[in-house]
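Take a look at the model below.

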Amino acid sequence: MQSILTLFLVLCAGMGLSVEAGLLGPLGEEVGHLSATLSIFMVGGLLLTLAMVFFGAPLGTLFRQPRWLLTGGVLGPVYVIVLTVTTPLVGVGMTMVGILCGQVAASLAIDHFGLFGSERRAIDGYRVLALAMILMALWLIY
């Protein structure tokens, strides 16, 4: 039952990314791509700050982690800028399937090699087929 709830939560988060792309595209066209990206992070930062005040662990634990683990924070703004710029050009569907394709390809490599401390999960024929089907979806949407 827990795995079904987890899958549902992940699906909802994926839907949220599509909504975010749909909102960011027009916002970026109106106020500029970097301003739209900044607004998303300001709102998110405010909400996370409130959550940390009420539910979070002390920030000291964060800063005791290896610095390379914190470099993932660079990828968030890059991702949001790409959403903001590309969505008006190619649409939400094309943008999200392209992002999904990149996510699946990278995640298969991370799993296969056990990168970043993750558990190793070998790439098998089913995973390769799934990636091929996402590539086909990208081509069909294009």
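This is a predicted model. On one side of helix H6, five residues are exposed: Gly125, Tyr126, Met133, Trp139 and Leu140. Exposed here means over 50% relative accessible area.

Now turn to the other residues of the helix. Which residues in H6 are buried? They are Leu131, Ile134 and Leu138. These three cover an arc of only 60° around the axis, so they lie on the same side of H6. The exposed residues named above are on the other side.

H6 has 17 residues. From its first C-alpha to its last it reaches 24 Å, close to the 24 Å expected at 1.5 Å a residue.

What do the buried residues of H6 pack against? Their partner is H5. Follow Leu131 as an example. Leaving aside neighbours within four places in sequence, Leu131 is in contact with Cys101, Val104, Ala105 and Leu108.

Now widen the view to the largest nonpolar core. Eight residues make it up: Met94, Val97, Cys101, Val104, Leu108, Leu131, Ile134 and Leu138. H5 provides the largest share, five residues. There is also a second, separate core of seven residues, and among them are Ala21, Leu83, Met96 and Ile99.

In soluble globular proteins, nonpolar side chains tend to be buried together.

How values were computed: Residues are numbered from 1 along each chain as its sequence is written. This is a predicted model: local features need pLDDT of at least 70, side-chain atom pairs count only at pLDDT 80 or more; totals for chains, interfaces and linings use all residues. Side-chain values use heavy atoms; hydrogens and water are left out. A nonpolar core is a set of buried Ala, Val, Leu, Ile, Met, Phe, Trp, Tyr and Cys residues joined through side-chain atoms within 4.5 Å. Buried means under 20% relative accessible area, exposed over 50%, partly exposed in between (1.4 Å probe, protein chains only). Helices (H or I, at least four residues) and strands (E, at least two) are DSSP runs, numbered from the N terminus. Contact means heavy atoms within 4.5 Å. The expected span of a helix is 1.5 Å times one less than its number of residues. The arc is that of the directions from the helix axis to the C-beta atoms.
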